[in-house]
Amino acid sequence: MTSKLFPLALLALALAACKAQAPAPAAAPTEPPAATAPPGEGAQAVVQQTAEQPQLQLPTVDGKTYSLADHRGQWVVVNFWATWCAPCLQEMPELSALHVMRGNVEVVGLAYEDIEVADMQAFLKEHPVAYPIAILDTYNPPKDFATPRGLPMTYLIAPDGKVAKQFLGPVNAQEIEQAIVAAGGKAA
């Protein structure tokens, strides 16, 4: 019994870093977050891995479609977040500024929660961003990305479409810029 509850406990601990500002959604992902059981616990390790060159095509809350493939040749910041996650909200203005100021860096926000489009649009009026936002189905998240172990979870995708870096927790523009340089990109 304990081994079955362990992945759920890890999910609760990982998401505890985000302070709820609104009631947490009732829906939970169908798969537990990526985790490895401590030695001696007897729980099976959950193996989830993001594809080396992930694909992503989703409708955005503004009625358009976002396709990761359309942004080849640019650096793309794929940010998993939620409206109830305080660290997520803190990083949004900086990600928005990065999206606007760097011509070869695009940001896309993937809302990992159960929320209606109209509610998200109302939220974005209070917390505007310059980048597109898509709402993910927590029961059917994008297949090429591992289920987030916590929020925010951010991926830096290189111009060739491959994952250059993964960030768990809040990220700022300077860290993204450093990751771009470390992956062979030009400094801002």
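Predicted model: local features only at pLDDT ≥ 70, side-chain atom pairs only at ≥ 80, totals over all residues.
1. The cysteine bridge. The structure contains 1 disulfide. It joins Cys85 and Cys88, whose sulfur atoms lie 2.4 Å apart. That separation counts as a disulfide because the cut-off is within 2.5 Å. A disulfide is a covalent bond between the sulfur atoms of two cysteines.

2. Geometry and surroundings of the bridge. The torsion about the S-S bond of Cys85 and Cys88 is about 75°, and the disulfide is therefore right-handed. Cys85 has a relative accessible area of 0% and is buried. Cys88 is likewise buried, at 0% relative accessibility.

3. The pair of Trp81 and Phe123. Across the whole structure, 5 aromatic pairs are found. In one of them, the rings of Trp81 and Phe123 are 5.8 Å apart from centre to centre, with 35° between their planes, a tilted arrangement. Trp81 belongs to strand 3 (residues 75-81) and Phe123 to helix 3 (residues 117-126), so this pair ties together parts that are 42 residues apart in sequence.

4. Accessibility of these two residues. Trp81 is buried, with 0% relative accessibility. Phe123 has a relative accessible area of 14%, and it counts as buried because the limit for that class is under 20%.

5. The aromatic cluster. Phe80, Tyr112, Phe145 and Tyr155 are linked by ring pairs into a cluster.

6. The charge-ring contact. Lys165 places its charged end over the ring of Phe167, at 5.5 Å from the ring centre.

Definitions and conventions: Residues numbered from 1 in each chain as written. Heavy atoms only, no water. Buried < 20%, exposed > 50% of the residue type's maximum accessible area, 1.4 Å probe, protein only. Phe/Tyr/Trp six-rings, centres within 6.5 Å; stacked < 30°, edge-to-face > 60°. Helix = DSSP H or I, 4+ residues; strand = E, 2+ residues; numbered from the N terminus. Lys NZ or Arg CZ within 6 Å of the ring centre and 35° of its normal.
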